[in-house]
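Reader: Please walk me closely through one part of this model, and tell me how it is packed. I would be glad of the cut-offs behind your terms as you go.

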Amino acid sequence: MIDILDTYGQYVPADQNGDPVPMLLYCDGLICERVDGAQRARINGGDKWEKLQMFEPIIQDQFKFNFFFLFKPESHREKGTLYNIKQVFDHKGVSSNIMKCFNKAEEMLEFATQGYTLSAALHFMGTLNLSETPTECPVHDKASYVKSIADLIMDLIYQKPNTKEILNVSLGQEDSQQSLVCICHQDLGGMKVYCSNNRCERGQWFHLDCIGLDEADVPKGKWFCSELCEEMANMKRDPKKEMLLA
């Protein structure tokens, strides 16, 4: 549990003092006990990050709530929704009454999660199916390559909040004109490229025209809008250094 909290802690924003902005962690009673145990085991940590004080565990019937929220019959024609997946892949017995089909619903959620994860992996590897071998995969270091793909998937799923934006909103300083899209601050559509630094403050998504990049030159792997973003992305989490770089 300590390793899990440390990993998820990377996606918790820091306040102006470099301390974590606590996030609610909805979980069942057993997980709450494990989180509490992990925090007590780290009670002598040097700061709030080491003490795992990034999270506030709250008992919540999360699975029931999430499934009720996501499983909508009216979305049956929307490709990729849970209800659409139920119909296309014939997951019989799954209904919105989660208490009567808990095991079947859990199996379908696991099926959907694995499917989306594989789809993301194929996308980042530039392959069309599982039988293809990625052209960029090194023969003698496959483990590092797989880890790099896993990192891309994690970056895609778990988006780190923009700390400055959160602080501005909490202080009532939100600028309605500010946009987190590109250096032009305007979501005008068109082809974009994603900065792989999740703490990028210039936009994260950049129009190819704005940065003078041709579509053919967009890399399949990670891309950074600046040397600073690349340094921040590769830097081991240190809130004090992040405050200096911000």
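Author: Of the protein's 246 residues, 30% count as buried, where buried stands for under 20% relative accessible area, exposed for over 50%, and partly exposed for anything in between, with a 1.4 Å probe and protein chains only. Keep in mind that this is a predicted model, in which local features need pLDDT of at least 70 and side-chain atom pairs count only at pLDDT 80 or more, while totals for chains, interfaces and linings use all residues. Residues are numbered from 1 along each chain as its sequence is written, and side-chain values use heavy atoms, leaving out hydrogens and water.

The protein has 10 helices and 4 strands; these are DSSP runs numbered from the N terminus, with helices being H or I of at least four residues and strands E of at least two.

Let us settle on helix 6. Its 16 residues, 142-157, should span 22 Å at 1.5 Å a residue, and the end C-alpha atoms are 23 Å apart, which agrees; the expected span is 1.5 Å times one less than the number of residues. Buried along helix 6 are Tyr145, Ile149, Leu152, Ile153 and Asp155. Viewed down the axis, the buried residues of helix 6 fall within an arc of 165 degrees, so they line one face of the helix; the arc is taken from the directions from the helix axis to the C-beta atoms. An α-helix has 3.6 residues a turn, so residues three or four places apart point the same way.

Ala143, Val146, Lys147 and Ile157, on the other side of helix 6, are exposed. The cover over the buried residues of helix 6 includes helix 5 (102-125) and strand 3 (192-194).

Rings of Phe, Tyr and Trp (its six-membered ring) pair if their centres lie within 6.5 Å, with planes under 30 degrees apart counted as stacked, over 60 as edge-to-face and the rest as tilted. That rule gives 4 aromatic pairs. In one of them, the ring centres of Phe89 and Phe111 are 5.0 Å apart and the planes are at 65 degrees, so this pair is edge-to-face. Phe111 sits in helix 5 and Phe89 in the loop between helix 4 (82-88) and helix 5, so the pair ties together parts that are 22 residues apart in sequence. Phe89 is partly exposed at 48% relative accessible area, and Phe111 also counts as partly exposed, at 34%.

Technical notes. Contact means heavy atoms within 4.5 Å.
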